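Dear colleague,

I am handing over the structure we spoke about, and you will find it just below.

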Amino acid sequence: MSRQIELQKKGLTKVPSHVLRAGKDLRELNMRQNHLSCLPDDFGNLKGLVNVKLWNNTFKSFPEQLLELIELEELDIGCNELAEVPENIEVLQKLKMLRLYKNKLQNLPEAFCNLRKLEMFYLGDNGVSSLPRDFGKLTNLADLWFGNNRFEDFPDQVLCLVNLKILNFSGNKLRKIPEDICKLNKLENLYLDKNELTSLPESICRMTSLTVLHLQDNRITALPMGFGSLVNIRKRADLRLKNNPLCQPPHEVCAGGIESIAAYQDELGRSTATVVPQVKLTLVGTPLSGKTSLSNALIQDVSVLTKEEDRTHGVQITPWPAEGNVKLLVYDFGGHPIYHMTHQLFLTKGSLHILTVDLARYRREAFPTSVGKWVDIFRARVPGTHVLLAGTHVDQIKDVEEIRTKCEDIEIQIDQMQQNHVKDLDRQIRKITKELRGVRSDSLNSTQDGYAKRLTELHDLKSKPLKFSQVFPLSSAEGLQGVNALRAEILRVLEDTSAFPDLRRVLPKTWADLETRLESLRKEKSFSVSRSVCRQIASEVGLTSEISMNTAVGYLHRKGVILHYSENEALRDHVFPDPVCIVEIFKGLFHYDTDSVFSVDNPRFEDMLSMELDRVKTSLLQNGLLSRDVIHMLLSDSPVMLQSDLVMDLLLEFGLCYPVPVSPSTTAIFGTDQQYRFPSYLQSSPPKTYNKVWPARISESQDQIELGHTLKGFCPPGLFERLCVRIHPHVTYRQDWKDGVMACKGDLQILVQRTLRHSGDSGNEKAPGTQLTSRFDVINPNDEIDIVITTRADTIDVNRMWKALLPLQEELDNLLKEWPGLTHTSFVTCPHCVKNNAVSDRYRFPGQILDQPAPGEDMMVCPRSGGTSFFRTSLVSPLRAAEEEADNKSLPTSGKAGAAVNNADVTGVGNIVIQTGNDCVINVNTIGE
């Protein structure tokens, strides 16, 4: 008889008779994800069972028959509806692992404490608030999971479990961790996130075995001195502190990891601690909406109106010493869309924002462009931030009712956007929860981490909506109508120190002095200083060690005070005291009026003939190309050009351009000077060779892999253009246009495209894409932008295809991480749908499939085919592709290795996985006839 029976996801409502006939020989039984609500009386006769899995059924009470299985070592009865655990569970004396998570338990019986061999206990997602008195006697416990229960006090019994290696109290209501937690000196993983902790005990610094420590989503304001001594966390780099109102150290220090925290605390112990209450205040809005005039009114308390010709280009930073000791740094942004790509440098967590709307010109239909796009930018870049709404130019409106109506309309439409965003997050949460249920059991432990992480991110975003004020109608003209009300609101909002921890940030005095000295270099118009000069300044303020200086500089970079790219070989020896320098460069190179810039009347081009200038302008607009010399000319009036090599390195670092090899066509325009392509300038359509290189039909001998991300309702400014730059080191020959790149990786063809699907198109992933008409488009909230990365090659080259695609996908993932609130989903397109040219009905597997362990099955079914058509698993699983390549190398050379599999080949294939949807996977062992 079989020693193991697998009956997962079979739709069972009762235990099959052949299971009961298996007798004492049966050792392992898996009946997960069925509809079982009870077990038959004779189930207890299966005395040989050591492992029973009943996860995700419909049990409302603990089956008594399980208590007869005295040899049982592992029991998984999680995700049911159990209300209590029986007292006589203690009869299962050999039990080593027990999973009771996701039930309706509120307590455990005292007899539970007699399960002395228990090593792993999972009680997450119940309603437990306390433990039995003798729980501490379960000293064999190594893994203990209490996440998402109702603990308010840390149970003292847990402190007796000296062999614990993993302890999870995530998602409870703990307010304090006891000093004696250090008794758990073997603890390696400690999860305390999503509680109500305001501090940590000093003794936690002595828990040197810790490699994983999760503390995010609490109320912690300071870390205990000595926290940086947790050296094993340093090796694993798994310390999570986000969403705490930390001021000692500030979160920009914590972002540098445990090494930065250690250096900060060392310097704090050596230097004097000082509080530097400073907050960034940004003003954004459409061009000529009154940002600069409002900035003048707030800071100077007088009317200083800005003429159109004097409007802000780029960004202007002005200090504002507000009431008390608070210092505000006012960032006044240029409103033209061409500058939006640089805003992300300055829209940072912990800042306060003012969105200006010109009420005199405001119309309801203009909401998406004058307000809505800014809501999208704030939500995607700094979710949960405070935004004050300023309705400007009310002095130009005589009707008070018109002012009230316009303010009300803005507030209503913003509220509707907020509600729609929550609905969209709920939709994604439901979808991912469904996908998680459908994860194959053999990949559950590793794959659910990816789903769980995304679910956590979505719940986190849902809990952090943007915080909008009412619309403050005002005028910066004489009389400053309404300005005092806005100023009072700014000061009122800043009273929430948990939202603005920078008001209480504690720094070593040496760090604060270094910040002041570097800021003073801006007045000297210093574009950059060398590390040796920075080291000298650091030494003068008392920072004598290299580590402390590096940590302080890293903090100031993350804070946005300076720029220092320590990972860039060309830039690491330079510090840029003024972050606005990148805006100055951008302002010099990107123009919305190219005709006036590339004109013989422009003194920058006085040495160029009109015909040469026309060729340069045409090459820029059609091919996005500028030569190094032309770049120097465009920036000739800027002090940054005193260090021209650094300017080019900054352009490359920020992802604004990439170098293009000299060719005969470019030589005719620029000579032999180095050229650079700026994707943001491209306006062209796909090249004529597109259909030849990428024909709609894929040949029988080839396969195609297609993966990417879908962005809902909003695409960050410059995201796709920066991706086009970031992929450059990974490809060779390439052709670019406004919404795509055709490139090569060796002899592999690669395609990167951006397409837009309108909300009126049929289905989410069904409608063919259309090109964006402008790189500054404001799209419908229900429209979707696809960024797709594709390659196709001979079927035997699947692993090589993955090796070409995954680095490009990683670049896209890294760019998306810069926008933590962005609504997006990853996908891998069904290869069968692609090969059959199903343009309007292609199935998309969730992108988490890329993280799953290599499936054992050779084939998967196309979900759109109704279970009749199959494709190779390696076409959606890079790990499976790698295994196949390794297997092929170990096989004899005879035979047709790697031949394509057609539908007719299915009979006789040994292992097939049939995936009929996101939540249904059936393993079939077929036998050739």
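Strand β22 and strand β24 (residues 675-677) pair in the antiparallel sense over three bridges, where two strands count as paired if DSSP finds at least two bridges between them. Helices (H or I, at least four residues) and strands (E, at least two) are DSSP runs, numbered from the N terminus.

Please keep in mind that this is a predicted model, in which local features need pLDDT of at least 70 and side-chain atom pairs count only at pLDDT 80 or more, whereas totals for chains, interfaces and linings use all residues. Residues are numbered from 1 along each chain as its sequence is written, and side-chain values use heavy atoms, with hydrogens and water left out.

The pairing of β22 with β24 belongs to an open sheet of three strands, in the order β22-β24-β23 and with antiparallel pairing. Its edge strands, each of which pairs on one side only, are β22 (625-627) and β23 (658-660), and the twist averages 40 degrees from one strand to the next.

Strand β16 (residues 352-358) pairs with β17 in the parallel sense over seven bridges, and I354 has L388 as its bridge partner in β17. With strand β18 (residues 467-473), β17 pairs in the parallel sense over five bridges, and there L389 stands opposite V471.

Turning to the helices, helix α14 (residues 580-589) and helix α18 (residues 644-654) have axes, which are lines fitted to C-alpha atoms over the stretch in contact, that come within 11 Å and cross at roughly 95 degrees, on a scale from 0 to 180 degrees between N-to-C directions. The two are therefore roughly perpendicular to each other, a term that covers angles of 65 to 115 degrees. In this packing C581, I582, I585 and L589 of α14 meet V647, L650, L651 and F654 of α18, contact meaning heavy atoms within 4.5 Å.

Key. Angles under 35 degrees count as roughly parallel, over 145 as roughly antiparallel, 65 to 115 as roughly perpendicular and the rest as oblique.
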